[in-house]
Amino acid sequence: MYFKYIKSESIEVRDSVIQGKGVFAVKKIRKGQRIIEYIGERISPEEETDRYDDESMDRHHTFLFAIDDKVTIDAGRIGNDAKYVNHSCEPNCEAVDEEGRIFVEAIKTIQPGTELFYDYAFEQEPPLTQELIDMYPCRCGTKKCRGTILKVAEQSKPQKQTVKKRK
Ligand SMILES: [Zn+2]
């Protein structure tokens, strides 16, 4: 069913334990369960550049999910609860690309009251500079924290977010 994952009765949006809003389980979510689709407008890299200028933001903060180098989902204007799922370097969910649609799925059993996270893994070509790390910081506080939501590009992984090349 096409609209099955637009809203989930298993989650709700509350204040995050890290920052801003976050998504929390209100029911037990089993490992492997598909929770919600990342809904938004599908825009091109050109539209993305027109809407968001990284240079003018001191911290990167948008509701963008880049599927590939042609299509980005922008949940800033039209979106659902999926856009509030925060990043963690040690997440309990993952974002799965299924024919160009993005679904948040549990990779562990999640108890009610637990905040949901996936690894944004913003793709970045090496080298990872301090300037980039400062612009895309991570404060997830887990043992595996990389200090940034960026991840150096690996060709083997098909789905991930991308970061615009900075000039
Ligand atoms: Zn982290």
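Here are a few notes on this predicted model, going from the whole chain down to single residue pairs.

1. Walk along the sequence and the pattern reads β-β-β-β-α-β-β-β-β-β-β-β-α-β.

2. How much of the protein is buried? Of its 167 residues, 29% count as buried.

3. Now for contacts. Take the pairs that sit at least 6 apart in sequence: 70% of these contacts join residues at least 24 apart.

4. Have a look at the hairpin made by β1 and β2, with 5 residues between the two strands. Strand β1 covers residues 11-15 and β2 covers residues 21-25; they run antiparallel and are joined by 5 bridges. In the turn, check Gly20, whose phi is positive, about 60°.

5. Next, which order do the strands take in the open sheet of 3 strands? The order is β4-β6-β5, and the pairing is antiparallel. At the edges are β4 (41-43) and β5 (64-66), each pairing on one side only. From one strand to the next, the twist averages 25°.

6. Zoom in on β4 and its partner β6, residues 72-74: these two pair in the antiparallel sense over 3 bridges. Here Arg42 stands opposite Ile73 in β6.

Key. Residues are numbered from 1 along each chain as its sequence is written. This is a predicted model: local features need pLDDT of at least 70, side-chain atom pairs count only at pLDDT 80 or more; totals for chains, interfaces and linings use all residues. Two strands pair if DSSP finds at least two bridges between them. Helices (H or I, at least four residues) and strands (E, at least two) are DSSP runs, numbered from the N terminus. Axes are lines fitted to C-alpha atoms, for helices over the stretch in contact, and angles run from 0 to 180 degrees between N-to-C directions. A residue is buried if 20 or more other C-beta atoms lie within 10 Å of its own, exposed if 12 or fewer, and partly exposed in between; C-beta atoms are placed from the backbone. Two residues are in contact if their C-beta atoms, placed from the backbone, lie within 7 Å.
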